[in-house]
Amino acid sequence: MHTVSRPDTATILRNVPRIGETVPMFVGGRWELAASGATRAIVNPADNRTIAQVADGDAADAARAIAAARRAFDDGPWTALAASDRAMLLFRLADAIDAAREEFVHIDTLNNGKPLRESEYDVIDAANCFRYYAGLATKPHGQTFDVPAPSQTFTVREPIGVCGQIVPWNYPLLMAVWKLAPALAAGNVCVLKPAETTPLSALRLATLIEALEFPPGVVNIVPGAGQTAGHELAASALVDKVAFTGGTVTGRSVMHAAAGNLKKISLELGGKSPNIVFADADFETAIDYALFGIYANAGQVCSAGSRLILQKSLHDRFVDRLVERAQKIRVGDGFDPRTEMGPLISPIQRERVENYLAIGREEGATLRCGGERLGGALADGNFLSPAIFDRTTPTMRIVQEEIFGPVLVVQAFDDEADAIRLANDSPYGLAGAVFTQDVAKAHRVIRKLRAGITWINTYHPTYNEAPWGGYKQSGIGRELGTYGYDAYTEVKQINVNLDVAPSGWFSP
Ligand code: NDP
């Protein structure tokens with residue numbers, strides 16, 4: 001049996017703060033325990049052993065953090081800081097993440113289970129996201145207008161204020177940074193709630209923010225449950241904007257809660273994204289990206305290519321090869337350098353996925369491979385082998401619903417129109433891809449996809465520079481790029497009268 005050499009937990013978490021035995025939350029520039037004193041055990045999904053006890057924030061803690069953020073925005077030095085000074089802080093934060101890269105990589109692999117190479121990619125991307133938004137902070141953001149009056153009319157962009165930010169567990173550091181970087185660059189203040197299962201890298205990030213002397217209250221990190229701490233961020237009248245990434249059902253409840261004070265809202269939700277492969281595609285490239293599209297991060301990706309839509313003439317050969325390749329994927333502990341796919345985040349998530357495997361069988365789909373728990377040294381973790389369902393029909397639940405695990409469903413099509421119809425037959429519209437060597441066909445099909453993020457002859461690349469978000473029930477708004485920056489600003493119109501004299505509207 002191959003034993004995995006992993007740095008010990010105490011070494012990996014050496015710079016994560018403690019009060020006694022508990023990892024505290026970061027509120028108003030101070031490290032604090034939950035007001036209730038509650039703690040939550042954080043586990044490694046590769047073996048479900050406890051790696052830390054973390055303060056378990058609730059609504060009262062979120063309210064305390066919101067009050068600290070409010071003070072920082074309304075009375076603190078942050079809003080008076082020049083954009084170039086905010087940019088400098090964010091550049092330094094990016095450098096500090098780079099300097100601690102290996103440590104962040106180990107923390108995310110320990111806490112989330114993902115293979116080291118995936119964590120490394122996330123950490124590099126996180127630093128670059130801060131860099132991208134640091135650069136954007138000082139760029140022009142307004143417009144001037146020629147209006148039919150002697151008026152100099154222009155716009156400026158201003159921060160929205162206190163931003164509540166709620167993130168999931170699939171990219172613990174990166175999702176936090178996607179939220180914090182544009183918000184801070186635009187001059188907002190933040191209360192971020194990591195997922196209850198994966199708070200450790202966000203809390204380590206807070207130590208860098210503290211060391212760089214961001215003003216107190218500008219960034220607050222409150223670990224805790226969504227139903228309590230998360231709900232408070234969505235519902236509080238003192239929060240000006242809520243930004244959420246997670247499941248569509250939860251997104252809907254965040255939207256309800258946010259309606260109380262009509263706060264600004266961004267939602268990045270689920271997907272059931274189509275990956276269309278035509279018979280004229282480069283065969284091995286399409287196979288490779290079909291695998292990467294669904295099994296990266298064990299399928300726990302909002303934009304996963306979870307529906308493979310295959311031209312019928314290619315179907316049998318393609319699925320046979322896909323099954324062969326899927327069965328070779330090395331599933332294991334993320335710290336094992338040979339591992340290509342890690343565990344699911346929790347026993348509950350694995351049960352959710354297994355439930356869908358049972359549903360798929362009952363619905364009459366053919367399970368060609370996978371969906372099995374792993375034994376031996378991996379028996380204590382939440383591992384599941386890569387699964388492929390073939391012979392599906394469009395109304396099956398496994399075809400319509402987000403599974404969020406390593407389960408691919410295959411659909412077959414006759415012609416281009418059929419492919420587009422199948423691809424768009426979904427309540428979701430996050431992502432999609434097409435594989436073909438016919439350039440015109442690729443463009444025609446992509447333009448017909450009702451989805452916010454699309455790829456031709458590739459799957460998954462994500463760029464800080466380009467907008468990210470969904471059509472239909474996959475969300476509201478866009479993150480990343482200039483769109484992501486704009487989403488953290490209000491637009492103010494300013495009119496300057498160039499002919500200063502009484503208007504004469506009322507008699508003198
Ligand atoms: P959720 O969408 O429930 O969790 C995402 C974040 O929202 C977490 O921080 C969570 O906190 C928080 N949250 C939960 N309930 C509320 C609430 N009422 N108000 C405010 N915040 C809340 O995802 P789950 O972890 O429960 O996963 C369930 C399903 O959601 C998955 O099977 C998957 O289908 C989908 N999902 C999709 C993601 C995506 O990016 N598309 C990401 C994660 C999940 P807490 O950690 O305490 O639950």
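Which loop holds Asn297, between which helix and which strand? The legends below take up this residue and others in a predicted model.

**Figure 1. Asn297 and its loop.** Asn297 sits in the loop that runs between helix H10 (283-295) and strand E14 (307-311). Its relative accessible area is 3%, so Asn297 is buried. The phi of Asn297 is positive, about 55 degrees, although the residue is not a glycine. Most residues other than glycine have a negative phi.

**Figure 2. Arg391, with a positive phi.** Arg391 is not a glycine, yet its phi is positive, at about 55 degrees. The residue belongs to the loop between strand E16 (387-390) and helix H13 (397-400).

**Figure 3. The two domains of the chain.** The domain assignment gives domain 1 as 9-269 + 474-492. Domain 2 is assigned to 274-456. Between the C-alpha centres of domain 1 and domain 2 there are 31 Å.

**Figure 4. The area buried between domain 1 and domain 2.** About 2100 Å² is buried between domain 1 and domain 2. Carbon and sulfur atoms account for 55% of that area. On the domain 1 side, Ala46, Trp169 and Ser474 supply 25% of the area buried against domain 2. No other three residues of domain 1 supply more.

**Figure 5. Polar links and the domain 1 side of the contact.** Domain 1 and domain 2 share 1 salt bridge. Between the two domains, 10 residue pairs are in polar contact, both residues being at pLDDT 80 or more.

**Figure 6. The salt bridge of Asp380 and Arg49.** Which residue forms a salt bridge with Asp380? The partner is Arg49. The closest N and O atoms of the pair are 4.0 Å apart. Arg49 also takes part in a backbone interaction: its backbone nitrogen lies 2.9 Å from a polar atom of the Asp47 side chain.

Figure 7. Asp47 is placed in the loop between strand E4 (39-44) and strand E5 (49-55). Is Asp47 buried or exposed? Asp47 counts as buried, because its relative accessibility is 15% and the cut-off for buried is under 20%. Leaving aside residues up to four places away in sequence, Asp47 touches Arg6, Asp380 and Gly381.

**Figure 8. Glu32 in strand E3.** Glu32 is found in strand E3 (residues 30-32). With a relative accessible area of 15%, Glu32 is buried. The side chains of Glu32 and Arg30 are joined by a polar contact of 3.4 Å. Beyond residues up to four places away in sequence, Glu32 touches Ile19, Pro24, Met25, Val27, Ala55 and Arg64.

Key. Residues are numbered from 1 along each chain as its sequence is written. This is a predicted model: local features need pLDDT of at least 70, side-chain atom pairs count only at pLDDT 80 or more; totals for chains, interfaces and linings use all residues. Side-chain values use heavy atoms; hydrogens and water are left out. Domain bounds come from an automatic or database domain assignment. Buried area is the accessible area (1.4 Å probe) that two parts lose on being put together, summed over both. A salt bridge is a side-chain nitrogen of Lys or Arg within 4 Å of a carboxyl oxygen of Asp or Glu. A polar contact is a pair of N or O atoms within 3.5 Å; within protein, one must be able to donate a hydrogen and the other to accept it, and residues adjacent in sequence count only if both atoms are side-chain atoms. Helices (H or I, at least four residues) and strands (E, at least two) are DSSP runs, numbered from the N terminus. Buried means under 20% relative accessible area, exposed over 50%, partly exposed in between (1.4 Å probe, protein chains only). Contact means heavy atoms within 4.5 Å.
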